[in-house]
Amino acid sequence: MSLNHVRPWRNIERRKSRQIHVGPVAVGGDAPISVQTMTNTVTTDIKGTIGQVQRAAEAGADIVRISVPDEDSSRALKEIVAESPVPIIADIHFHYKRGIEAAEAGAACLRINPGNIGDEKRVREVIKAARDHGCSMRIGVNAGSLEKHLLDKYGEPCPEAMVESAQEHIRILEDNDFHEFKISVKASDVFLADAAYRGIAEITDAPLHLGITEAGGFVSGTIKSAVGLGNLLWSGIGDTIRVSLSADPVEEVKVGFEILKSLGLRHRGVNIISCPSCARQGFDVIKTVAALENRLAHITTPMSLSIIGCVVNGPGEALMTDVGFTGGGNGNGMVYLAGKQDHRISNEEMIDHIVEQVEKRAAELEAARAAEAQAAE
């Protein structure tokens, strides 16, 4: 249950956007901020791509994007869509016919890049295919592939050029009475991306897809994405996100959820609050947290767990979590349940015991949720 009514400093007022759909997933309006990723397999490797989509979905991805660079990929997409547990977005560059083929193959959304998709006539053909097959669309502006006339006008990629690029394609879609679209204005520079997103947010009510493009490897890309996306999300901007990492797509999903969880915008799985450890620790905090992250990865129920090495901050952190453990002396520590001291357990038994307590609490929360849902029917 949210306590933001008594902690107003935690409130985020989301930008009001209209709602569209990517398959059954609502994007914009009052819908939860959805998490996306993109496969990095060769699309014609149907088995490998389906496997990657399924792993991303298991990690919590709401939507998965797949590149469609050629006709063989269009044919493969039809089989992939049929096996996917989540809606598929077709990523289209250069060849507008791939967009038409992707719509025919069952893609839930078509992502087109204004910088390379072609002239207005070609865009209109993609719009028609999207309408005919019930697809939504994303106008995907990227600082690295802006149209030549905008680069000539502004001299370099800048927020004004990116917003103008998006505006030009908004006009084309709206002139063709097509409104099921969202927009992204991505850049690898967090300052440029932030300014571009704030600019486009002021002139349209279309849902916004957030991303810091080409953010880098796992560590650097995670930090850059957390700074860039976190700043926008904290300001209420953003309806769906993708963290772009040179890493496994599953890691993108995990990082995306952690960013949303840190802002209280989305909740999934166990939120572990743990200390960095020091000489006061009563057990090996780092190894314990690593083991618990692995052992508790299967739990999707939103809940909290505190793992604190000593009694300086341990009891206080435990007050705010579903389950807590605070290190003590003589090889044992205190277990907290629902914020209250409950019992002691030895360090040797601690990991198995905490997993048991978390699983038990998750089952209780799910049962309570089911009872509420049934009572509301």
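Colleague: Where does UniProt place the feature "domain: IspG TIM-barrel"?

Modeller: The unreviewed UniProt entry places that feature at residues 17–256. Please keep in mind that the structure is a predicted model.

Colleague: How much of that span is helix, and how much is strand?

Modeller: Residues 17–256 are 46% helix and 18% strand. The end C-alpha atoms of the span lie 21 Å apart.

Colleague: Turning to pockets, what is the volume of the second largest pocket?

Modeller: The volume of the second largest pocket is about 730 Å³.

Colleague: Which residues lie nearest its centre?

Modeller: Lys 254, Glu 258, Lys 261, Glu 293 and Ala 297 lie nearest the centre, out of 25 residues that line the pocket.

Colleague: Which element gives the most to that lining?

Modeller: Helix H9 does, with 8 residues. H9 covers residues 249–262. Other elements that each supply at least two lining residues include helix H1 (46–59), helix H8 (218–234), strand S11 (270–274) and helix H10 (285–295).

Colleague: From which domains does the lining draw at least three residues each?

Modeller: The lining draws at least three residues from domain 1 (8–263) and at least three from domain 2 (270–376).

Colleague: What is the make-up of the lining by class?

Modeller: The lining of the second largest pocket has 13 nonpolar, 4 polar and 8 charged residues.

Colleague: You mentioned H8. Is Phe 218 buried, partly exposed or exposed?

Modeller: Phe 218, which belongs to helix H8, is partly exposed, with a relative accessible area of 40%. The C-alpha atom of Phe 218 is separated by 5.9 Å from that of Leu 245, although the two residues are 27 residues apart along the chain.

Colleague: A change of topic: why is strand S7 described as largely enclosed by the rest of the structure?

Modeller: Because 7 of the 7 residues of S7 (residues 136–142) are buried, the strand is largely enclosed by the rest of the structure.

Colleague: Which way do its side chains point?

Modeller: Ser 136, Arg 138, Gly 140 and Asn 142 point one way from S7, while Met 137, Ile 139 and Val 141 point the other way. The residues of both sets are all buried.

Colleague: In what sense does S7 pair with strand S6?

Modeller: S6 (residues 109–112) and S7 pair in the parallel sense, over 4 bridges. Within this pairing, Arg 111 has Arg 138 of S7 as its bridge partner.

Notes:
Residues numbered from 1 in each chain as written. Predicted model: local features only at pLDDT ≥ 70, side-chain atom pairs only at ≥ 80, totals over all residues. Heavy atoms only, no water. UniProt positions renumbered as here; feature names shortened; annotations may be inferred. 1 Å grid on protein atoms, 1.4 Å probe; cavity = no way out; pocket = protein on both sides within 12 Å on 5 of 7 lines; lining within 4 Å. Points joined across faces, edges and corners; volume = space filled by probe spheres on them. Nonpolar A, V, L, I, M, F, W, Y, C, P; charged D, E, K, R; others polar. Domains from an automatic or database assignment. Buried < 20%, exposed > 50% of the residue type's maximum accessible area, 1.4 Å probe, protein only. Pairing = 2+ DSSP bridges.
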